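Subject: Structure handover

Hello,

Here is the structure to look over. My notes follow below it.

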Amino acid sequence: MRLILTSVALAVLCLVRTGEAQTPPPQDQRGRDVSVAAPAQRVVTFNSVLWLYLTLERGAGPIAGASASTVRTVSTGLLDRAFPSAAAIPTDVSVDGFFVPNVEAILRRAPDAVFQWVGRNDPAYLEPLDRAGLPVVALRQTRDERDYFSTARLIGAVSGRSARAEALIDDYRDSYARLDHHVQAGLQATKGRRQRVLYLWKWRPLIPIDGKNFFGTLLERAGGVNVAAQLARPERVSMEKILLWDPEVVVLFCCDRTTPSDLYQDPMWRPVSAVRNRRVYKVPSGGSRFADLVEGPLYSRWLTELLFPELPSTLRGDLRQTFQQVYGLDLDDDTLDHTLHMKVNSVSAGYDRFSRSLTQESLRP
Amino acid sequence: MTRDAIAFTGLGHAYRRDEWIFRGYHGRLAKGRIMAVLGPNGCGKTTLLRLLLGIAAPTEGQVTIEGKAAFVPQLFQVGFDYSVLDMVLMGRAAKVALLAQPSRRDEEAALAALDRVGMADFASRPFHHLSGGQRQMVIFARALVSAPEIMILDEPSSALDLRNQAVILERMAMLAHHDGLSVLFTTHHPHHALSVADDVLLMLRPDHAVSGPVADILTEDNLRQLYGVPLKLLGFEHEGRPHRTLAPVLTPEVILERGRS
Amino acid sequence: MSISSSSLARLAVPLLSLSLLLAMLMSLRIGTYPVPTLTVARVVLAWLLPAGMAPASDWSEAEWVAVTIIRLPRVLLVCLAGAGLGLAGAALQGMMRNPLVGPDIVGISAGAAFGGILAILLDFSGPAMLAAAFAGGMVALALAWTLSRLGRGGGVLPLVLGGIIVAAFFTALNGLLQYVADPDSKLPAMVYWLIGSFAAASIDKLVLVAPPIVLAGGLLLALRWRVNLLSLGELDAASLGIRVERLRWLIIALVAMIVAAQVSASGMVGWVGLVVPHFTRMLVGPDHRRLLPASALFGALFLLMMDDVARTLASQELPIGVLTAVVGTPVFAFLYWRLQARGWNND
């Protein structure tokens, strides 16, 4: 009896939601048709689609399992406030905490969709899932913003939240339209000269964001030039290479222990312009590592404002607005300070423009 | 007044509990005399030497040793191809401080010791390139270089030909009777004991050894008991001096008879 | 056949010293950041000469940092590690009367890496990590030694087998620790310990590992003649008045200290401690009084060359542990063949 009721309810739900979905069957990012009956009831995720899924779904309900590293990012960051139940998502679906699947644990959950990263053509990621006949949605490494959009649309299609996905995509485009305008203004002031920026993914060993990485593209879009653009993959570089590049600004990955002070105190970094002028900054953490559809524009905004100090600062306001709009969260000043790494970045030049008092002043005129 | 260079009483050694190599051995080596230790293979001769040298502690009993002892091990090979001089120099180990290197004086002492055994010309030759007898002489020199009062030798003659056996026996006799050292050696050749030793220790059984002057101990009875072979002690004169030696009484008939029984 | 008094043997130490000095200067010249040879020379002179005689500092700060902060600590660290491994290997081979052993073969390196990895897991750093690596190396060596003594026969094979067992065991433990480690913060540091590279050389590391290597290396050098005595075997050495067991453990502790410091500076670097003493023995003969200093010099020279190759062969640096293994194994195979052909006298 209960079973019949549930299936009836499901059928009704499906009817309601399929109206939102696009008519041609969507394809995943390795070009295979996605044959998932939307809306999916049970989903397993491996890569960073977890937060976008939560965002579109506005809850952790259908997430039947996710890799431990992504659950940790959610439950230790800002998104924990929006999705407190995400901390309880089972993580036994991956063997290593990242991308190697535990097929039996996944089968036990009988998911409607499994979002998996194709990796660097690593057979250990996808093959076991395909062999087990699981409904795989394969996602590749983000190369440009079209991948952002297609990922959002795929999740939208699977979850039956396509309208929300489109709304997020529109917001993203609007944000960058505004940003491009500001960057143009900033570049005019520098007579078109772009500053050399190094995005350091890891400090020890030194691994920069390479030319193929989307973070590098976003960096250029923020008005800088990626000194490591010639690298085609994430690889270790020597300190002498960095001396040769002599970046004017260094940004550090949001979510490890490295801080600007580490670089300021390291004698090897002394001749580097960014260190001499104290322009090393740690990327804010946000809810999802300051990346992806929601926070990507915030990352670019942050960097643009650091590269062009004469531009008015809207970052604090933008952060507040985005989190209010997307997650319904009201961020207080302490939370914003924490997210912006105000403390560790306070030793760097010009970071006080993001402080709570100065921001209000700059908004005044 | 003669005192003992080495004396041991109630000496026993077991590697494992109640597995005695030997037990209850007594013996004494007076200063300036030569003692031969005889026993069948595997009876613990080398173990006895270790106890006398103080390298291993006896399981029971006591060893007293008066004076500095040096050891000449069985003819052996070294893992590394040291020169003869390097080998002899090692005899100075006890005289060189832990963190120090041997000095020129040590080297001179080593050369002098080589000279004493007639091997001075071989100083820079690789030890491995020498014949067995020459190597034994080098090890002999190595023992001498520490200026010992007691020499303990482990089967110094067993791997050598007749000529070199004679050289070794002669050296031991010189050491004792000319230089006044006390000498103790193990051997498989009873006639070596007869020719140079003053005293002898016969390791007859694990729990029974007899020791004393050669004339008292090296009897046909004792030797027969030790080796399990019929033998005869022979006395003769050569160039006006009395000699003793022994021979196994083995004819083809005796051998066949023994084989049958 | 070389014996200790040949002229080559006598000249080996000064010649090796000179080559090492030249190699060090050359290595200071190698790097991505372009520094003219003359500037390198001037910077070095500024270091060596008293303030009054030093050349005027007309170099850029980046040039100065490249030569003295990036390259010099690395060159010194590589030399120290190489010298330490050469010494440790020569002392071990002598003490164990065994030409087939080396710090990696008898399990010390794996044990030291285990200690270090455990230290990373427990958030130790600096001297505490060094101490953990030392303890790990000691335990591994003691285990290998004990295992080899279980076999009644003695000789070469039991020790090598014991070392293989112990190394395999610690390698397994290392894998286990990596598995439970936090993949974001701790795993990369652990992997670094296992691969072997000097890329992370710094003044801090030099300051941390130089004292144990210099101290233990100096003591080993002082004990070099005692290694001759130990190489005679237990009974013989004891009869010469050596306290064999005490001396053995002293040398084991010194070797473990050197290897632990080397591993914590650069991760596991195999084969150096095995091949270098062999090669040096062909040069200067078996007397450890000459072999130990020569092995130290040759070890430093060998590892410095390997590190230079690691830095320059590809755009991305190669792990030096891989290089030493690639070069070390064939050389070792050749030496083994030669020794077999000649008939190695052992036990």
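First, a term: two residues are in contact if their C-beta atoms, placed from the backbone, lie within 7 Å. This is a predicted model, where local features need pLDDT of at least 70, side-chain atom pairs count only at pLDDT 80 or more, and totals for chains, interfaces and linings use all residues. Residues are numbered from 1 along each chain as its sequence is written, and chains are lettered from A and ligands numbered from 1 in the order in which they are written.

Chain B

In chain B, 64% of the contacts with a separation of 6 or more join residues 24 or more positions apart. Chain B has nine helices and 11 strands. Helices (H or I, at least four residues) and strands (E, at least two) are DSSP runs, numbered from the N terminus. The C-alpha trace of chain B spans about 60 × 45 × 40 Å along its principal axes. Of its 261 residues, 41% are buried (20 or more other C-beta atoms within 10 Å of a residue's own, with C-beta atoms placed from the backbone).

Chain contacts

Chain C touches both partners. 18 residues of chain A are in contact with 17 residues of chain C. That side of chain A has eight nonpolar, two polar and eight charged residues. Here Ala, Val, Leu, Ile, Met, Phe, Trp, Tyr, Cys and Pro count as nonpolar, Asp, Glu, Lys and Arg as charged, and the others, Gly among them, as polar. Between chain B and chain C, 23 residues of chain B are in contact with 23 residues of chain C. The chain B side has 13 nonpolar, seven polar and three charged residues.

Chain A

Chain A is assigned domain 1 (25-160) and domain 2 (166-354); the bounds come from an automatic or database domain assignment. Over C-alpha atoms, the centres of these two domains of chain A are 27 Å apart. Their contact takes 16 residues from domain 1 and 17 residues from domain 2 of chain A. Helix H2 (49-57), helix H4 (79-82) and helix H7 (145-159) of chain A each give two or more residues to the domain 1 side.

Chain A also has an open sheet of four strands, in the order S2-S1-S3-S4, with parallel pairing. Two strands pair if DSSP finds at least two bridges between them. Strand S2 (63-66) and strand S4 (136-139) of chain A are at the edges with a single partner strand each, so one side of each has no neighbour in the sheet. Strand S3 (residues 113-117) of chain A pairs with S4(A) over four bridges. Gln116(A) has Ala138(A) as its bridge partner in S4(A).

Best wishes

Methods
Buried ≥ 20, exposed ≤ 12 C-beta atoms within 10 Å, placed from the backbone.
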